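The sequence and structure come next.

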Amino acid sequence: MSGRRRLDWLGLTPEPERELPTAVAALRASSHGAAAGPPPHDLAATERRRVERLILRGSRHSWLRYLAEVTDLVTAVATGSRTGDPAAALLAGEVVLDHHRMLIGLPGPGYGRTAQDRTALERAVRTLRTHTTTGAGR
């Protein structure tokens, strides 16, 4: 293989770069005792810069490592081992789960590497959907 960087992972879907920064910032803010609601602007901007840096300068490996970190945040909120906004966790969980499911169409080990995360996210998303539905008074 040549020394060129593989970029096929960048073409999956724009949702992670568009939707994850705000949702992840909300999850990080809630773990620091911030009030419920939109995350502070600086946390969202910091997360947006991190995602941008990963996309522009990172690798598939570093991107999947970031998504594994997001998976850990989502599953911790779903299990109750971490406080957090269930709606933000649900959004982040659905985005990462969709991304991981699409990896099946790319060459390389990404799909296999994310198998445990997909299983954990499927369980977390089910739990969070139930929690956000019942939490909304339905």
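## Salt bridges and burial

Arg-101 is partly exposed, with 40% relative accessible area; here buried means under 20% relative accessible area, exposed over 50%, and partly exposed in between (1.4 Å probe, protein chains only). This is a predicted model, in which local features need pLDDT of at least 70 and side-chain atom pairs count only at pLDDT 80 or more, while totals for chains, interfaces and linings use all residues. Residues are numbered from 1 along each chain as its sequence is written, and side-chain values use heavy atoms, with hydrogens and water left out.

A salt bridge is a side-chain nitrogen of Lys or Arg within 4 Å of a carboxyl oxygen of Asp or Glu. By this rule the count is 5 salt bridges, among them the pairs below.

| Pair | N to O distance |
|---|---|
| Glu-47 and Arg-28 | 2.9 Å |
| Glu-94 and Arg-129 | 3.0 Å |
| Glu-122 and Arg-101 | 3.4 Å |

In the Glu-122 and Arg-101 salt bridge, Glu-122 belongs to helix 6 and Arg-101 to helix 4, 21 residues apart. Helices are DSSP runs (H or I, at least four residues), numbered from the N terminus. Glu-122 is partly exposed at 29% relative accessible area.

Within it, Glu-47 is buried at 4% relative accessible area, and Arg-28 is buried at 19%.

Thr-75, in helix 3 (residues 60-79), is buried at 18% relative accessibility. Thr-75 contacts (heavy atoms within 4.5 Å) Ala-120 and Ala-124, not counting residues up to four places away in sequence.

Note on methods. Helix = DSSP H or I, 4+ residues; strand = E, 2+ residues; numbered from the N terminus.
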